[in-house]
Amino acid sequence: MEKKTRFPSPTLKASVPWNAGKMVGAKRALKEKHVWAIRFWLGSEQRVRDRALFDLALDSKLRGCDLVSLRIGDIVTSGQVRHRAMVVQQKTRRPVQFEIMSGCETSLA
């Protein structure tokens, strides 16, 4: 008995996976010298908002979508930067409390 073999359609091309030859997985954490280089560059370029968001991202470890959705009232009360803030994460819908360190307070003030 003869086996029938199925050939792919002649119009189909061999597909290459999107991650072929690329590094996949989690990225490495920033080293301390890189963090200070970024802070210095943002300060020298006078990008106050970006510097504040960068410092807040390091302190809170929130996702980008959660950082961008923060309001001033979440961080500041009666003209003073809070020591702790609470945010409900967009992805998990769980409240997350984080401490705002002194370096971040100066960039937020």
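Predicted model: local features only at pLDDT ≥ 70, side-chain atom pairs only at ≥ 80, totals over all residues.

Over the chain, pLDDT averages 81, and 87% of the residues score at least 70. Confidence is highest in helix α1, residues 32–44, at a mean of 91. The lowest mean, 72, belongs to helix α5, residues 102–108.

Helix α2 covers residues 48–60, 13 residues in total. From its first C-alpha to its last, α2 reaches 18 Å, close to the 18 Å expected at 1.5 Å a residue. The buried residues in α2 include A52, F54 and D55, and L56 and S60 are buried as well. Just after α2, K61 has a positive phi of about 60 degrees.

Is L67 buried or exposed? L67 counts as buried because its relative accessibility is 10%, and the cut-off for buried is under 20%. Leaving aside residues up to four places away in sequence, L67 touches L53, L56, A57, S60 and L62. L56 and L67 are eleven residues apart along the chain, and their C-alpha atoms are separated by 7.9 Å.

How many aromatic pairs does the structure hold? The count is zero. The ring of W36 does have a charged group over it: the charged end of R39 sits there, 4.9 Å from the ring centre.

Key: Residues numbered from 1 in each chain as written. Heavy atoms only, no water. Helix = DSSP H or I, 4+ residues; strand = E, 2+ residues; numbered from the N terminus. Expected span 1.5 Å × (residues − 1). Buried < 20%, exposed > 50% of the residue type's maximum accessible area, 1.4 Å probe, protein only. Contact = heavy atoms within 4.5 Å. pLDDT = per-residue confidence, 0-100. Phe/Tyr/Trp six-rings, centres within 6.5 Å; stacked < 30°, edge-to-face > 60°. Lys NZ or Arg CZ within 6 Å of the ring centre and 35° of its normal.
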